[in-house]
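Subject: Structure handover

Hello,

Here is the structure I promised to pass on to you. Please open it alongside this message, and my notes follow below.

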Amino acid sequence: MTETRIQDLPGAMSRRDHPTVGVWNRLEGRPRTTDFGRALRVEVRDPLWMLARQWQLGEFRGTDGGSPVTATYSVTASPPGRFRSDTGPDEVPGPTGPLPPDRPLESVAERRPLPFAFGAEPISFDLRLALGRRWLKLLARSSELRSRRFGERYVELYPIALPDPANPADSARVAHPEVWAATQAVAGRRLDGYLLYLHLKGGGHAADGIDARGQRNELNALGPRLTGWFDDLIDQPSGATPQRPEGDSTWDSRRLEHRFSVSAAVPAGGEQVLTAPEYPGGELDWHAFSVTPDATLGGTAPAPAPINRTVFPSPVRFSGMPLPRWWAVEDGRTNFAAVTPDSTDLARLIFLEFALVYSNDWYQLPCDLPAGTLASIQGLAVTDVFGHRRWITPAESGVGQSRQHWSMYTLNSLGSHADEPADDAGLLLPPGTPKVATGPALEDVVLVRDESANLVWGVEQTVRQATGEGRNGDEAAAETLAFRRRLHLPDSPDAPHAPVAYQVMNSVPENWIPFIPVHVPGDNRAVQLQRAAMPSEVDAKPVRPRTTLLREGLDAGCPYFVNEEEVPRSGTRLTVAYNRTRTRTGRVVLWLSVHRTTGRGERSSGLSFDLLTTSTEPGT
């Protein structure tokens, strides 16, 4: 047998000079049966197969990628110290002041004033009675004041008036049996503490109008105790002025959302202003905020000293992740093989690539930070198993880096750099509370579109009664309408019956408040929604809303507008309820807030015009 040496192996193979020379580029098992299941099981007794597969997957190739052993970082955690409401007339921000350290941020951002009257109609008698009861208890603690029966004198001076069933202005307290019965039970017997509270907050004294006879100073000393107790009982907006009676309330009635800003000190000096431009209420987290560049809220305290720690990184683990060894048994709780993305489903494909290809390239570091702070990493150094020490920089930093990328837990910027990650924004841990107990809805309004009538309706599903409780809006409207019919039309003659009658317009329930489209001033294309009124079918007077949400500006004689884009086809739901929580120090905080959610689609009011109706009377 003659040995032949091939000088030009690639050329000989392309010309097929020696057909006996073969090239093998694939290794596979050769089962002796038609069943391939046993060959694919990679049994332990088949080491050659496992070694071949390891060689194919490149597990025998060495890399210089050392695993991290220790990590040293320096982080600064600054608590927010300033607060500002970003709502106001003509887009002027509200007052700026210190952020209360003993309040969760939810209560400061969501709190709204307590309503005690709808125009000239007094409401919230539950709070009025609570204030009166508290004052009587303060008087009863002094034996001298109790013996002289000062409580009866205050009941006469600040009484709860009994409504007149014949007066249409008192229909809200007379039309509903429960409210009428409760009012009769306390009228003339209990004290309207809110009238006394208003007198004290207006600069008056508790003994004014009372024949004290030597106990005037003792009575006046109890006044601040009453006002202080009620001010601490329910958290309300502060900083009210004649130009801004709502104070630092963050509710934007035009946009139907909360808008406010907070600021925290930064290590480089100055402050970082974080704005929540569209907070609907409910859970307040970091993603509700954006960075406002070149803004200030009046300065904050210097940033605290950085926290320096050395920790041990640990690999990231998740269910179903591929294991680095071929013969290891993987977790079968997550079946990635069952995921069938389309060719255009890029987000799912990227996630699968991250989970399957780069699963063992990620590590996590323990970093404990105090709640209610803006944390910023000043530096991070990692030491690997080879003893190399590397300085880690943020992923988006560096020369020539494109800013059009996706990033998690990064705050974006407002203004000219909107929707872009902010430089060195840090991680915000809002000074909130992990659990908030929400009471029953006192007001529930749904803004819906009615394409048949070409209107937007504010449907008052739950209205606030005079006693302070919530009541079904349909039932309350029906009871009020029935009472006004008995009051205005007690002995009305029967209408003439004809075979055919002309009806100008039919009626809708009185808890449906219309909003009509009008042009934005100075713009012929933009449209906004203005609150209107339907005439009552009893006396043709305009039907007034019975919720604070839809009575915005009504008592002051001002129109109310809502941005047209705030009411999509799905609708918008607004709910007013009390919230209660307990701070880290054990203090109980109670506040009234609005929560916005998505509605349930369009609705039809049945409103129509120019109708011909037929009589149902026999013989016609």
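Strand 25 gives the most to the lining of the largest cavity, with three residues. Strand 25 covers 588-598, and together with helix 10 (216-233) each supplies at least two residues of that lining. Helices (H or I, at least four residues) and strands (E, at least two) are DSSP runs, numbered from the N terminus.

Before going on, a word on the source: this is a predicted model, in which local features need pLDDT of at least 70 and side-chain atom pairs count only at pLDDT 80 or more, while totals for chains, interfaces and linings use all residues. Residues are numbered from 1 along each chain as its sequence is written, and side-chain values use heavy atoms, with hydrogens and water left out.

Back to the cavity. The structure holds one cavity of 30 Å³ or more, and the largest cavity has a volume of about 40 Å³. A cavity here is a set of points, on a 1 Å grid over the protein atoms alone, where a 1.4 Å probe fits but cannot get out; lining residues have an atom within 4 Å of a point. Grid points are joined across faces, edges and corners, and the volume is the space filled by probe spheres set on the points. Its lining consists of Arg103, Asp232, Leu233, Ile234, Asp235, Arg587, Val588, Val589 and Leu590. Those residues divide into five nonpolar, no polar and four charged (Ala, Val, Leu, Ile, Met, Phe, Trp, Tyr, Cys and Pro count as nonpolar, Asp, Glu, Lys and Arg as charged, and the others, Gly among them, as polar).

One of the lining residues is Asp235. Aspartate 235 sits in the loop between helix 10 and strand 6 (251-252). With a relative accessible area of 6%, aspartate 235 is buried (buried means under 20% relative accessible area, exposed over 50%, partly exposed in between, with a 1.4 Å probe and protein chains only). Beyond its neighbours within four places in sequence, aspartate 235 is in contact with Arg103, Ser107, Arg111, Leu590 and Trp591, where contact means heavy atoms within 4.5 Å. Aspartate 235 and leucine 592 are 357 residues apart in sequence, yet their C-alpha atoms are 7.8 Å apart in space.

Next, have a look at helix 4. This helix (residues 125-140) has 16 residues and reaches 22 Å from its first C-alpha to its last, close to the 22 Å expected at 1.5 Å a residue; the expected span is 1.5 Å times one less than the number of residues. Its buried residues are Phe125, Leu127, Arg128, Leu131, Gly132, Trp135, Leu138 and Leu139. Seen down the axis of helix 4, these fall within an arc of 165°, so they line one face of the helix. The arc is that of the directions from the helix axis to the C-beta atoms.

Serine 124 lies in the loop between strand 5 (121-122) and helix 4. Although it is not a glycine, serine 124 has a positive phi of about 55°, and at 2% relative accessibility it counts as buried. Asparagine 454 also has a positive phi of about 55° without being a glycine. Asparagine 454 is found in the loop between strand 17 (443-450) and strand 18 (455-464), and at 55% relative accessibility it counts as exposed.

Happy browsing, and best wishes

Terms used
1 Å grid on protein atoms, 1.4 Å probe; cavity = no way out; pocket = protein on both sides within 12 Å on 5 of 7 lines; lining within 4 Å.
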